Amino acid sequence: MKELFPIKHVMGFVFSLILTSVALLVYILDMSFALGLTILLITAFAQAALQLVVFMHAGESEDKGAIYTSVYYGIIIAVLTVFGTLLAMIWGYV
Amino acid sequence: MLEMNKDNTQPLEYSTEQGRMNILGFWIFIGAEIMLFGTLFASYFTLEGRTGAGPTGAEIFEISPVLAETLLLLTSSFTIGLGVHAMRLGRQKAMMTFFIITLVLGAAFLSFEVYEFIHYVHEGAGIQTSAFTSILLTTLGTHGAHVTFGLFWGIMIMIQVIKRGLTPETANKSFIFSLYWHFLDVVWIFIFSFVYLKGMM
């Protein structure tokens, strides 16, 4: 039975619960918008990295170079799209 | 698949050239999905203030169902990880158990989401109410549609594993399904953080 629950996965799960609880502090505690958003950015990206490496085994095969390239490319385009849109549509008009 | 093409030093799902390429191809698809959700988030951040005569996010979001959905999806991501781990040990029964738990958690997630959507409509926040409710329901709905699709996909794969046992092909499909499921959890984390928590701050 024990072999079915590898420590790496259990720790990954515990850590993801901790990250969720930290993110929840933003809702529970009274804090500034900037601080709250900083916490959320850190916890969300840490959570994503955790899933990618621990659970999705992104780096385990010999194709890991191509796999990480594809994921980073997707992330870069997504981040540029989001911040480019914010720049053009929101921040420019404040 | 020809025996001579098999590499026994790798887990079953990587053991054939075709299997390796399928996994790489799926990662490229995930890269495209990241960009898809990027565009949805870009539109959401642009339109979230455009509430018109409708409610704002802070007025309609409820923390309890959102927290339940988050915990369900996080746990299901953990159990499918255990499922793949069991598969690599050759423990087909344990793997099936973990897959079933994962899909049940996924179904529970969806029922909370359906409840949530009904609640929004009762609060007067339908998809046509304002630019904000349109993009909110489109973003949540795109994620929910992915989970719904994943439920059916997961069931089909389980049927194949039961019928054919663990072969390079079925192991490969199961592993790729696990990648998809983990990815949906990642997307949800961003929705949880930047739609709900940010909206309720």
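In chain B, where is confidence lowest and where is it highest? The mean is lowest in helix H2 (residues 57–60) of chain B, at 95, and highest in helix H5 (residues 131–164) of chain B, at 98. Confidence here is pLDDT, the predictor's own score for each residue, from 0 to 100. Helices are DSSP runs of H or I of at least four residues, strands are runs of E of at least two, and both are numbered from the N terminus.

This is a predicted model: local features need pLDDT of at least 70, side-chain atom pairs count only at pLDDT 80 or more, and totals for chains, interfaces and linings use all residues. Residues are numbered from 1 along each chain as its sequence is written, while chains are lettered from A and ligands numbered from 1 in the order in which they are written. The model scores ipTM 0.94 and pTM 0.94. Chain B averages a pLDDT of 94, and 96% of its residues score at least 70. Where pLDDT is low, the predicted coordinates should not be read in detail.

Start with chain B. Its secondary structure is six helices and zero strands. Along the sequence the pattern reads α-α-α-α-α-α. The C-alpha trace of chain B spans about 65 × 30 × 25 Å along its principal axes. Of its 201 residues, 44% count as buried. A residue is buried if 20 or more other C-beta atoms, placed from the backbone, lie within 10 Å of its own; with 12 or fewer it is exposed, and in between it is partly exposed. Two residues are in contact if their C-beta atoms, placed from the backbone, lie within 7 Å. Among contacts in chain B between residues at least 6 apart in sequence, 76% join residues at least 24 apart.

Now turn to where the chains meet. Chain A brings 40 residues to the contact and chain B brings 42 residues. On the side of chain A that touches chain B, helix H1 (7–28), helix H2 (33–55) and helix H3 (64–89) of chain A each supply at least two residues. H3(A) gives the largest share of that side, 14 residues. By type, the side of chain A that touches chain B has 26 nonpolar, twelve polar and two charged residues. Here Ala, Val, Leu, Ile, Met, Phe, Trp, Tyr, Cys and Pro count as nonpolar, Asp, Glu, Lys and Arg as charged, and the others, Gly among them, as polar.

Next, one helix pair. The axes of H3(A) and helix H1 (residues 17–47) of chain B come within 8 Å and cross at roughly 10 degrees. H3(A) and H1(B) are therefore roughly parallel to each other, a label for angles under 35 degrees. Their contact holds 21 nonpolar, eight polar and no charged residues.

The largest nonpolar core has 69 residues. Such a core is a set of buried Ala, Val, Leu, Ile, Met, Phe, Trp, Tyr and Cys residues joined through C-beta atoms within 7 Å. H6(B) gives the most to this core, with 20 residues. B:Phe41, B:Val187 and B:Ile191 have the most contacts inside the core.

Look at B:Ile191, in helix H6 of chain B. B:Ile191 is buried because 24 other C-beta atoms lie within 10 Å. B:Leu140 is 51 residues from B:Ile191 in sequence, yet their C-alpha atoms are 7.8 Å apart.

Finally, find A:His57 in the loop between H2 and H3 of chain A. Its phi is near 50 degrees, a positive value in a residue other than glycine. Most residues other than glycine have a negative phi. A:His57 counts as partly exposed, with 19 C-beta neighbours inside 10 Å.

Key. Axes are lines fitted to C-alpha atoms, for helices over the stretch in contact, and angles run from 0 to 180 degrees between N-to-C directions. Angles under 35 degrees count as roughly parallel, over 145 as roughly antiparallel, 65 to 115 as roughly perpendicular and the rest as oblique.
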